[in-house]
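Hello,

Here is the structure for your files. My notes follow below it.

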Amino acid sequence: MATDKIKVAVRVRPFNRRELELGTDCVVEMDSDQTILHHPNTLDKMERKHPKTFAFDHCFDSLDPASPKFASQEEVFDSL
């Protein structure tokens, strides 16, 4: 019987040119081993929805290189 464990990793990629031109806001927040999805602000709905939280083995934030939580391609590769 194998004792190997499957590990799951997620990564927020940088915005592409189109997303940057549209002024898209990121609704994903990475916090160590948790990924938090925030509901985008919409004008037609005034209700506040709670964010959804998911746990993974690895969560990488590669959206903003200036962020202290930024995960480079090398860091992702080395971790996995």
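Leaving aside neighbours within four places in sequence, which residues is S62 in contact with? They are R11, V12, R13, P14, F70 and A71, where contact means heavy atoms within 4.5 Å.

Before the rest, the basis. This is a predicted model, in which local features need pLDDT of at least 70 and side-chain atom pairs count only at pLDDT 80 or more, while totals for chains, interfaces and linings use all residues. Residues are numbered from 1 along each chain as its sequence is written, and side-chain values use heavy atoms, with hydrogens and water left out.

S62 sits in the loop between strand 5 (58-61) and helix 2 (73-79); helices (H or I, at least four residues) and strands (E, at least two) are DSSP runs, numbered from the N terminus. The relative accessible area of S62 is 1%, so this residue is buried (buried is under 20%, exposed over 50%, partly exposed in between, with a 1.4 Å probe and protein chains only). The S62 side chain reaches the backbone oxygen of A71 at 2.6 Å.

There are two salt bridges, a salt bridge being a side-chain nitrogen of Lys or Arg within 4 Å of a carboxyl oxygen of Asp or Glu.

- R13 with E19: the N to O distance is 2.9 Å. R13 is partly exposed at 45% relative accessible area, whereas E19 is buried at 17%.
- R17 with E21: the closest N and O atoms are 3.7 Å apart. Both residues lie in helix 1 (residues 17-22), four residues apart, or about one turn of the helix. Both R17 and E21 are exposed.

Regards

How values were computed: A polar contact is a pair of N or O atoms within 3.5 Å; within protein, one must be able to donate a hydrogen and the other to accept it, and residues adjacent in sequence count only if both atoms are side-chain atoms.
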